[in-house]
Amino acid sequence: MADVKLRDIRVVFKEESDPAAMIFGQSGKTPDDEKSDIVGQANYRDGRIHAIDGVDLDIKNGESIAILGPSGCGKSTMLRVVAGLIMLDAPNQGEIEYGEEDWTRMNAKERRVGIVFQNYALYPHMHSKKNLGFFFKMHKREEEVDERVEIVSKMMGVGFDQLLDRRPKALSGGQQQRVAIARCIVRDPTVFLFDEPLSNLDAKLRTRTRVEIKRLLRRFNITTVYVTHDQTEAQAMGDRIAVMQAGTIQQLGTYREIYDNPANMFVAGFVGAPPMNLIAGKADNGGVHVDGHFFNLRNESLMNSSGDPVYLGVRPEDVNLFHEQAPDSVPVDIYWVEDHYSEQRKEVTFDLGGTRVIAKRPLDEEWDRNATVFVTIPSDKAYVFSADESRLV
Ligand SMILES: Nc1ncnc2c1ncn2[C@@H]1O[C@H](COP(=O)(O)OP(=O)(O)OP(=O)(O)O)[C@@H](O)[C@H]1O
Ligand SMILES: [Mg+2]
C-alpha cells in the first residue's frame, strides 16, 4: 500500500468522441443530451471539453477521498485516470504515482486497481462465487480461489456466504453491489475506486450498504477514491472531500472544513442541505446593502469597498427571524413555510433582493405565510463573496 499522487492532470475530449467510450459516464444521459449540455459549459474551450483541467491531488495510504461535484464536472473522468482507463498521452497530460511506482505509462491491468460502478457489472450467467473467482481463472491461479473467497466472505460479514451460490438475477440490488465489492476485494487491489456505487439502491439500503463499505475500508485501511454527487454520501465515505467543478478541484478538506470555511462561492452554494443562501448586494461601510436595506457586519475588510457588487452568504440555520423589529433587522415577506418534522425544523422561505432565502427554524416556532417579519444575519455567521465568486469574508 502506498500514497497516490496526481500531478497537473489534464484530460481533453473532442466534441465528437466515440459514444461507446462514454459508457463509463454514469449520468444516464444519451450522447445527444450530453452534447446539448456541452456548449456553454465552463470547461468548453477551442472546440474541446477540458474534462480535467489541471488537477493535483495527494491521496494518503489508507485514506478515503470522496470526489463530490455536479453532473459533468469530471468525477468519472478522474476515476478513469486513476484506473488507467484514460491514459495521459497528448493531448492529455499529467503524472500519476503510486508510492515509488510511476503509473503514468502503466496500463490498467498492471495498476491492479479495483473498480465498482453504479451498475454492478457482474457476469450474469455466473453465480457469485464464480464471479469472485473469475479473475483467478483468467490468470490461471485457480488454486487460490477457495481460500480467498473464504477470507473475503468472512470480511463481508453476516449472510454473505448465502449469496455465493446465487446468480446476479437472484440477488437484490444491494446484494449485487456487495458481491461486486467482494469481487474487488478478493483481488487485493492497490486502490479501490467507486463510481456512484449506491445510486441504484433505495434510501434505506443505500444507508446500510454505505455503512458496510465504510466499515470494510476502515478495517482494511484500503486507499479509496469514492465518486458521488451526493454530499451526505461524500461526508459518510470520505475522510476528505474534493469538491469539483468544471474539471478543477475547488476545495479539498473534511466535510466540516468545507462547510464552515468554504473556499469560494461555488463550494458554499454546493455544500449544505439546503446550501448556503447567497444574496446579491453591494459592499459598503463594513456591511452589505441589499435592496435598499443594510446588513451591518461591522467588518473591517468591507470598509473601503464603496458599492462593489458582492454576494452575502448565510447558512439557513444561521438566519434569525423576529416577529417585531429588532436592532439591525430588515423587513421581509414570508413566501412559504414547510415543516420538516423528523428534523424538528421548519424551513421559512422569503424574498430578499430578488433571492429566495431559506431560514431553518425550530419546529415549535410560529411563522405565518405572507406575514411581514424581520431578519438579521449575525456578523460572525456571514460570508461575503466578490462578483467573481471568490471569498472576501
Ligand atoms: N468519451 C467522452 N467524449 C466526449 N466527452 C466526454 C467523454 N466522457 C466524458 N465527457 C465529457 O467530459 C465531462 C466530464 O464527464 P464525466 O463523465 O467525468 O462527468 P461526471 O462528473 O462523472 O458526471 P456525472 O455525475 O453525470 O456522472 C462532461 O462534460 C462529459 O460530457
Ligand atoms: Mg460520472
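This is a predicted model: local features need pLDDT of at least 70, side-chain atom pairs count only at pLDDT 80 or more; totals for chains, interfaces and linings use all residues.

Reader: OK. How many helices and strands are there in the protein chain?

Author: The protein chain has 10 helices and 21 strands. Its C-alpha atoms fill a box of roughly 80 × 50 × 40 Å along the principal axes.

Reader: And what does the domain assignment give?

Author: Domain 1 covers 4-113 + 189-260, and domain 2 covers 274-386. The C-alpha centres of domain 1 and domain 2 are 35 Å apart.

Reader: What share of the contacts comes from residues 24 or more positions apart?

Author: That share is 68%, counting contacts in the protein chain with a separation of 6 or more.

Reader: Let's look at some helices. Which residues of α4 are buried?

Author: In α4, which runs over residues 128-138, the buried ones are S128, N131, L132 and G133.

Reader: What covers them?

Author: The cover over the buried residues of α4 includes α5 (145-156) and α6 (173-186).

Reader: How do α4 and α6 sit against each other?

Author: Their axes come within 8 Å and cross at roughly 30 degrees. That angle is under 35 degrees, so α4 counts as roughly parallel to α6. The crossing of α4 and α6 is right-handed.

Reader: Which residues meet there?

Author: From α4 you have S128, N131 and L132, and they meet V179, A182, R183 and V186 in α6.

Reader: And what about α5 and α6, at what angle do they cross?

Author: The axes of α5 and α6 cross at roughly 130 degrees and come within 10 Å. That makes α5 oblique to α6. This crossing is right-handed too. On the α5 side, R148, V149, V152, M155 and M156 make the contact, and on the α6 side it's R178, A182, I185 and V186.

Reader: Changing topic: what's the strand order in the open sheet of five strands?

Author: The order is β14-β13-β12-β15-β21, and the pairing is antiparallel. At the edges stand β14 (293-296) and β21 (383-386); each has a single partner strand, so one side of each has no neighbour in the sheet. On average, neighbouring strands of this sheet are turned by 40 degrees against each other, ignoring direction.

Reader: How many bridges are there between β15 and β21?

Author: Four, with β15 (residues 308-314) and β21 pairing in the antiparallel sense. If you want a spot to look at, L312 stands opposite V384 in β21.

Reader: One last stop, M244. Where is it?

Author: M244 is in strand β10, residues 240-245.

Reader: Is M244 buried or exposed?

Author: M244 is buried: 27 other C-beta atoms lie within 10 Å, and 20 or more is enough to count as buried.

Reader: Which residues does M244 touch?

Author: Leaving out residues up to four places away in sequence, M244 touches I67, L68, G69, C73, G74, K75, I249 and Q250.

Reader: And G157, how many Å separate it from M244?

Author: Their C-alpha atoms are separated by 34 Å, and the two residues are 87 residues apart along the chain.

Key. Residues are numbered from 1 along each chain as its sequence is written. Chains are lettered from A and ligands numbered from 1 in the order in which they are written. A residue is buried if 20 or more other C-beta atoms lie within 10 Å of its own, exposed if 12 or fewer, and partly exposed in between; C-beta atoms are placed from the backbone. Helices (H or I, at least four residues) and strands (E, at least two) are DSSP runs, numbered from the N terminus. Two residues are in contact if their C-beta atoms, placed from the backbone, lie within 7 Å. Domain bounds come from an automatic or database domain assignment. Two strands pair if DSSP finds at least two bridges between them. Axes are lines fitted to C-alpha atoms, for helices over the stretch in contact, and angles run from 0 to 180 degrees between N-to-C directions. Angles under 35 degrees count as roughly parallel, over 145 as roughly antiparallel, 65 to 115 as roughly perpendicular and the rest as oblique. A crossing is left-handed if the near helix is turned anticlockwise from the far one by less than a right angle, and right-handed if clockwise.
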